[in-house]
Amino acid sequence: MRLDYGTQLSPVPITLSIGTLRKPTLKEISQITFDRFSFYEFFLKLSPETYYTKLRKENDGEAFWDSLTEEEQDKITIYNIIEEDEKIRSTYVEIFNFFFVETVIYQEGFFILLKENTAIDNPDKIKREQVRGAIAKDNFSQVMSLLQQICCIYNEEESLDDMKFKNNLARKLMEKMLKAKKKEQETKKSDLNLTIPNIISSLANKHPSLNYVNIWDLTIFQLLDAFNRTQANSMYDIDSTRVSVWGDEKKTFDVSLWYKNNYDKK
């Protein structure tokens, strides 16, 4: 499920069948610290391979992962790891409680979202009528996708089902290429120029109306949308000045650059 442009731009929470997803503002993110938020983002994109080769590297996790066949590796999901690792489980409970309006607890293999004003003095005595929804194996990846989109770290994966192959060998080669591409995206180092604090600083000093007082009320998507629009408008101003002075003989000036939709894809 890909969120449309209007849904992403809106500050209004997203109502799902299981609960209500908030879009945290920059102020709310700063309250937990940007480092903690980056930690959350890491877990939103955590893969079984990264878990074993990075988080459990010192506990023979990498050796265990390398000892598995490709088929065995493909069968392991993050949810399998959540069920086995209490520390990882607690981290996801913390993350879900940051993004969901409802209180989230983990019980008997499920992340349970409780209705408003539900007392949780004894989680073992939660009644069915107190439950708003649940995150389980079958919808965990979809929830991760939505959270990644809210945080603007979502990379749409290419599906083998949408491709045509001459034979099974060609399909397997493409499968390996897509896995390598995904791994590269997961391990790619972040650009220091594009960290949230640096974008806040840059935009607050460049944007015609955003400043250090009002910028904190933006969501991440609103921040990045304003940042991208400001960049595009800067290029538009440069090109329009050039055209007004030297003309546009080759007809390269794009009059619509300042209002082009760069989010939706046809």
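Biologist: Which residue in strand 4 does Val104 stand opposite?

Modeller: Keep in mind that this is a predicted model. Strand 3 covers residues 103-107 and strand 4 covers residues 110-114. The two strands pair in the antiparallel sense over 5 bridges. In strand 4, the residue opposite Val104 is Leu113.

Biologist: Which residue takes a positive phi in the hairpin of strand 3 and strand 4?

Modeller: This hairpin has 2 residues between the strands. The phi in question is near 50 degrees. The residue that takes it is Glu108.

Biologist: What is the bridge partner of Phe111 in strand 5?

Modeller: Strand 4 pairs with strand 5 as well as with strand 3. The pairing with strand 5 is antiparallel and runs over 4 bridges. In strand 5, Phe111 has as its bridge partner Ile135.

Biologist: Why are the buried residues of helix 3 on the same side?

Modeller: Helix 3 spans residues 34-44, and its buried residues are Phe37, Tyr40, Glu41, Phe43 and Leu44. An α-helix has 3.6 residues a turn, so residues three or four places apart point the same way.

Biologist: Which helices do the buried residues of helix 3 pack against?

Modeller: Phe37 and Tyr40 are among the buried residues of helix 3. These buried residues pack against helix 2 (26-32), helix 4 (48-55), helix 8, helix 9 (140-150), helix 11 (196-206) and helix 12 (220-246).

Biologist: How many residues apart in sequence are the parts that Lys27 and Asp217 tie together?

Modeller: The count of salt bridges comes to 5. In one of them, Lys27 and Asp217 have their closest N and O atoms 3.8 Å apart. Lys27 is partly exposed at 41% relative accessible area, and Asp217 is partly exposed at 49%. Lys27 lies in helix 2 and Asp217 in the loop between helix 11 and helix 12, so the separation in sequence is 190 residues.

Biologist: Which residue meets Glu94 in a salt bridge?

Modeller: Glu94 is partly exposed, with a relative accessible area of 30%. The N to O distance in its salt bridge is 2.9 Å. Glu94 lies in helix 8 and its partner in helix 3, so the pair ties together parts that are 58 residues apart in sequence. The partner is Arg36.

Biologist: Is Lys137 buried or exposed?

Modeller: Lys137 forms a salt bridge with Glu83, their closest N and O atoms being 3.6 Å apart. Glu83 sits in helix 7 (residues 78-84), and Lys137 in the loop between strand 5 and helix 9. The cut-off for exposed is over 50% relative accessible area. Lys137 has 51%, so Lys137 is exposed.

Biologist: Which residue has its backbone nitrogen 2.9 Å from a polar atom of the Glu102 side chain?

Modeller: Glu102 lies in the loop between helix 8 and strand 3. At 9% relative accessibility, Glu102 counts as buried. Its contacts beyond four places in sequence include Gly19, Asn97 and Arg132. The backbone nitrogen at 2.9 Å belongs to Thr20.

Biologist: How far apart in space are Phe34 and Thr195, C-alpha to C-alpha?

Modeller: Phe34 is found in helix 3. Beyond its neighbours within four places in sequence, Phe34 is in contact with residues including Ile196, Pro197 and Trp216. Phe34 and Thr195 are 161 residues apart in sequence. In space, C-alpha to C-alpha, they are apart by 9.4 Å.

Definitions and conventions: Residues numbered from 1 in each chain as written. Predicted model: local features only at pLDDT ≥ 70, side-chain atom pairs only at ≥ 80, totals over all residues. Heavy atoms only, no water. Pairing = 2+ DSSP bridges. Buried < 20%, exposed > 50% of the residue type's maximum accessible area, 1.4 Å probe, protein only. Contact = heavy atoms within 4.5 Å. Salt bridge = Lys/Arg side-chain N within 4 Å of Asp/Glu carboxyl O. Polar contact = N/O pair within 3.5 Å; in protein donor to acceptor, adjacent residues only side chain to side chain.
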